[in-house]
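Student: I would like to learn how to read backbone angles and helix packing in a model. Could we work through a case?

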Amino acid sequence: MEQPEDHPGPDPRRVHSLSDLARELGLLRARAARGDHRARVSLDELARRVGQPRSTVHAYVTGKHLVPSDVLDEIVIALGATPAEQRQWGESWFRLAARRTPERRTAAPATTAPRQLPPDTHGFTGRVAELAALDQGGPIRVVTGTGGVGKTALAVRWAHRAAADFPDGQLCVDLRGFDPERPVEPADALAGFLRALGVDGAAVPPGAAERAALFRSLLAGRRMLVLLDNARDSEHVRPLLPGEAGCVVLVTSRDSMAGLVARNGAARTELDLLPRADATALLGALAGE
């Protein structure tokens, strides 16, 4: 049965640009909604069907970003595309991917290596054994301990000592994991890292999984230090881990990070209060005679 002239049906063969994709997906949403007398399947409903955040689905169906091929498959299936139509939608995706400019397909590396470490801690004293333990750690090194015990100070001191080992730069973020109001979500931290690595803000992918994938791609083959301060737990930092061993990640947290140790092979350094002699020396350095 032919579609009425005022209600043309979706045709992925007409897709040659992101705006074309947005138009045809809109028509597909409208066709899928006619059974329940709505103008089109809502973004909330579509996001529920494909298991993606609403904001991410919105960015895809409005043509703001090129939808990943597997997510496009899920969207058109959720909107009732036939197997033949699904193949046509897949072909439309490859047309778009081939037409994108090199600047949009790849993220240019930063011309200057990022140097995001905060200033070294004034009056740092002691922690000789802990610094040595961090020297011997693997690709993921974790400093744990109670609040205020000096985890950040130790991590920053070690990071400055080891900075020369990471010629491609150092990235740093305070995740505020135990802030009751504003912890930094992994997706937001990744967006900051990508911009520091030379990705234009408009080219930062909308979804956390895509940002993590691009982050791992950009760090591949590089020697970089990633300092993740004040993490809430293992899941808070797992999306921020590079995919190769050439980089080192240093995490601080009040949590034991048992999951990161068990699943990712992190080397953990547990920090206790300063010994009396070191504490006295620190007090003297800060207060003077």
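Student: Where is the place of R176?

Tutor: In this predicted model, R176 sits in the loop between β2 (170-174) and α9 (186-196).

Student: What is phi of R176?

Tutor: The general idea is that most residues other than glycine have a negative phi. Phi of R176 is near 50°, a positive value in a residue other than glycine.

Student: Which strand does N230 lie in, and what is its phi?

Tutor: N230 lies in strand β3. Phi of N230 is near 60°, again a positive value in a residue other than glycine. With a relative accessible area of 23%, N230 is partly exposed.

Student: Which residues in α8 are buried, and what do they pack against?

Tutor: The buried residues in α8 are K151, L154, A155, V156, W158, A159 and A162. They pack against the helix α7 (128-135) and against β1 (140-144), β3 (225-231) and β4 (248-253). The strand β3 in that list is also where N230 lies.

Student: At what angle do α7 and α8 pack?

Tutor: The angle between α7 and α8 is about 55°, and their axes are 10 Å apart. That makes α7 oblique to α8, because the angle falls between the cut-offs of 35 and 65 degrees. The crossing of α7 and α8 is right-handed.

Student: Which residues meet there?

Tutor: From α7, E130, L131, L134 and D135 meet L154, R157, W158 and R161 in α8. By class, this contact of α7 with α8 has 4 nonpolar, no polar and 4 charged residues. L154 and W158 are among the buried residues of α8.

Student: How do α9 and α10 pack?

Tutor: α9 and helix α10 (residues 208-219) pack at an angle of about 35°, with axes 9 Å apart. Their crossing is left-handed. On the α9 side the contact is made by A187, D188, L190, A191, F193 and L194, and on the α10 side by A208, R211, A212, L214, F215 and L218. The residues of this contact of α9 with α10 divide into 10 nonpolar, no polar and 2 charged.

Methods: Residues are numbered from 1 along each chain as its sequence is written. This is a predicted model: local features need pLDDT of at least 70, side-chain atom pairs count only at pLDDT 80 or more; totals for chains, interfaces and linings use all residues. Side-chain values use heavy atoms; hydrogens and water are left out. Buried means under 20% relative accessible area, exposed over 50%, partly exposed in between (1.4 Å probe, protein chains only). Helices (H or I, at least four residues) and strands (E, at least two) are DSSP runs, numbered from the N terminus. Contact means heavy atoms within 4.5 Å. Axes are lines fitted to C-alpha atoms, for helices over the stretch in contact, and angles run from 0 to 180 degrees between N-to-C directions. Angles under 35 degrees count as roughly parallel, over 145 as roughly antiparallel, 65 to 115 as roughly perpendicular and the rest as oblique. A crossing is left-handed if the near helix is turned anticlockwise from the far one by less than a right angle, and right-handed if clockwise. Ala, Val, Leu, Ile, Met, Phe, Trp, Tyr, Cys and Pro count as nonpolar, Asp, Glu, Lys and Arg as charged, and the others, Gly among them, as polar.
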